[in-house]
Amino acid sequence: MRTAVTCIVIAGDGPVTTTWLKNGRPLEEEELDATVVYADESFVSTLTLKNLGYRHNGNYTCVVKNDVASGYYSAILTVKVPPRWIIQPTDISAVADRPAKIDCQADGVPLPHVRWKVSTGEPPEKFKTIVSSSHVHILVNGSLNFRNVETTDSGYYLCEANNGIGTGLSTVVRLSVHSAPQFHSKYTMMAARRGERATLECRAVGDKPMSFTWKKNGVILDPLAESRYSHISEDLPLGGQSKLVIDKVEKKDSALFTCTSVNDYGEDSKNIQLTIQDIPDAPQSTEVHDVSSRSVRLSWSKPFDGNSPITQYTVMWRQIGGQSTGGPLTVPGTETTVVIRGLKPKNRYFFRVKCENSLGESQFGAEVAVTTLEEPPRRSPHGIRAAPLSSRSVNVTWLIPNDDEPDSIDGYYVGYKSHSKSEPYNFKAVNVSNTRSPYFVVADLSPLTDYSIIVQAYNGRGAGPPSEPVIVRTLEFDRPAAPVIKTYYATSKTIKLSWDPQTAPNAPVSGYILHHRMEGR
């Protein structure tokens with residue numbers, strides 16, 4: 001197909017010169033397959049364009065000059081051209097979770113409209129039109145852009161370019177999406193008991209072949225350097241997996257293990273925190289606080305729990321010499337202090353603590369010793385008796401309570417006062433703690449007077465409760481002194497005696513009693 005345009009100069013003096021421009025530049029006849037024919041002394045010029053095509057579109061200008069002036073006229077030539085490829089789509093490969101683009105650029109007059117369709121069948125049959133979204137959208141230049149391509153995007157894509165001229169363009173390309181290794185879970189925790197076998201697994205999804213490496217606390221693991229470690233890798237339908245096996249795990253195996261999977265398209269890592277569980281360590285720093293006569297408060301530091309929560313603590317105690325023991329007293333594993341009651345005053349005790357978790361019991365921690373405080377006697381003396389010895393003194397006796405838990409007694413207070421007077425007791429201290437039959441003579445009393453007598457025990461912490469009072473009366477007179485025999489005379493039938501009476505004002509003699517016996521009887 002061809003077209004022609006004629007430029008006619010209708011006024012002006014000759015001679016004239018006519019030239020043609022395209023888009024403001026001199027027209028290249030050979031490049032455009034064009035011919036220019038001049039007539040009527042160049043007042044008429046005809047431009048003929050052969051084999052019209054896209055290259056002929058443009059702004060054509062006819063410029064005429066003479067010796068006086070010049071003139072021009074421009075016209076735009078539009079050649080409707082069917083679509084043609086600028087960049088024809090080709091098969092591409094992409095890596096999952098990364099951006100991807102399938103180029104498809106066409107030119108034509110008018111500018112072609114580009115449409116994309118997709119078919120996921122094999123081979124492709126039914127194509128479905130793609131509508132731009134946040135995942136995939138069609139660029140202004142016609143290319144198909146994926147924000148983050150997915151494995152499900154694999155398939156056949158049809159790019160169509162049409163501007164209503166001719167049959168349009170279309171081509172089918174294949175998008176192959178490859179997957180770098182990917183772990184669905186990036187971090188897991190697992191526990192194993194000391195002495196057992198631990199198996200750490202990491203399973204990755206991605207293209208094969210796939211290789212695995214292991215690290216322990218960031219250092220590449222060499223199974224040859226640790227005979228208890230071994231790992232096995234194998235392919236799975238959707239990727240691969242690796243297992244790290246540790247025989248007879250020990251406390252030092254508690255670590256962060258990193259499994260890294262690598263293929264031709266990338267790598268991914270997964271962390272596994274391995275915790276080795278064991279019986280707990282023994283409680284430490286056991287201390288005694290708030291010591292009283294019958295209770296103490298015990299505290300300790302929480303030990304290493306063996307990577308398994310401590311369920312309870314057990315407290316045991318013994319007295320000095322180990323003659324008696326106490327406990328067990330259990331304490332919840334969330335607490336590290338306990339008050340122990342029911343102890344005996346002024347006794348030395350030795351306490352120790354152990355703990356346990358789901359795997360077993362720890363050893364006992366170091367013993368801690370403490371002596372409970374003394375407390376005042378709790379019981380009053382009983383069996384109080386008071387007997388007059390003279391007109392000015394009485395003898396007081398009492399019994400000490402005899403039970404399984406005797407009081408700590410340093411001595412006794414013996415109190416006395418006139419029974420007829422409301423006056424306080426006068427007390428005398430008696431240090432008789434080591435006898436079972438204590439007594440005390442109260443002197444400097446008044447003759448023939450009723451006295452109230454009480455007794456109470458005491459120790460370093462104070463006095464205990466007093467006994468019930470007893471009433472005793474002093475004698476009116478003192479007992480007379482024994483007479484001293486001065487002389488005696490004997491006959492066959494009689495004996496005559498004489499003596500010195502040893503009288504005193506406070507011990508008048510009212511009579512004598514003579515005692516005699518036959519010798520040898």
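1. Is tryptophan 116 buried or exposed? Tryptophan 116 is buried, because its relative accessible area is 0%, and the cut-off for buried is under 20%. Keep in mind that this is a predicted model.

2. Now the setting of that residue. Tryptophan 116 sits in strand S12, which covers residues 113-119. A polar atom of the tryptophan 116 side chain lies 2.7 Å from the backbone oxygen of glycine 142. Glutamine 456 is another matter. It is 340 residues from tryptophan 116 along the chain, and the two C-alpha atoms are separated by 113 Å.

3. Serine 119 is also in strand S12. Serine 119 is buried, because its relative accessible area is 2%, against a cut-off of under 20%. Its side chain has a polar atom 3.2 Å from the backbone oxygen of lysine 126.

4. What is serine 119 in contact with, leaving aside its neighbours within four places in sequence? The partners are Pro124, Glu125, Lys126, Phe127, Gly155 and Tyr156.

5. Alanine 11 gives a contrasting case. Alanine 11 lies in a loop, between strand S1 (3-8) and strand S2 (17-22). Alanine 11 is exposed, because its relative accessible area is 62% and exposed means over 50%. Phenylalanine 43 is 32 residues away along the chain, yet the C-alpha atoms of alanine 11 and phenylalanine 43 are separated by 9.0 Å.

6. On to the whole chain. How many helices and strands does the protein chain have? The count is zero helices and 43 strands.

7. The overall shape deserves a look. The protein chain has a radius of gyration of 62 Å, whereas a compact globule of 521 residues would have one near 24 Å. The box filled by the C-alpha atoms is roughly 220 × 60 × 40 Å along the principal axes.

8. Of the 521 residues in the protein chain, 37% are buried; tryptophan 116 is one of the buried residues. Take the contacts between residues at least 6 apart in sequence: 62% of them join residues at least 24 apart.

9. Last, surface and charge. The protein chain has an accessible surface of about 31100 Å². Carbon and sulfur atoms account for 51% of that surface. The side chains include 56 positive and 55 negative ones. The centres of these two sets lie 14 Å apart.

Technical notes: Residues are numbered from 1 along each chain as its sequence is written. This is a predicted model: local features need pLDDT of at least 70, side-chain atom pairs count only at pLDDT 80 or more; totals for chains, interfaces and linings use all residues. Side-chain values use heavy atoms; hydrogens and water are left out. Helices (H or I, at least four residues) and strands (E, at least two) are DSSP runs, numbered from the N terminus. The radius of gyration is taken over C-alpha atoms; the globule rule is 2.2 Å times the number of residues to the power 0.38. Buried means under 20% relative accessible area, exposed over 50%, partly exposed in between (1.4 Å probe, protein chains only). Contact means heavy atoms within 4.5 Å. Accessible areas come from the Shrake-Rupley method with a 1.4 Å probe; for residues, only the protein chains shown count as cover. Lys and Arg count as positive and Asp and Glu as negative; His and the chain ends are not counted. The place of a charge is taken as NZ of Lys, CZ of Arg, CG of Asp or CD of Glu. A polar contact is a pair of N or O atoms within 3.5 Å; within protein, one must be able to donate a hydrogen and the other to accept it, and residues adjacent in sequence count only if both atoms are side-chain atoms.
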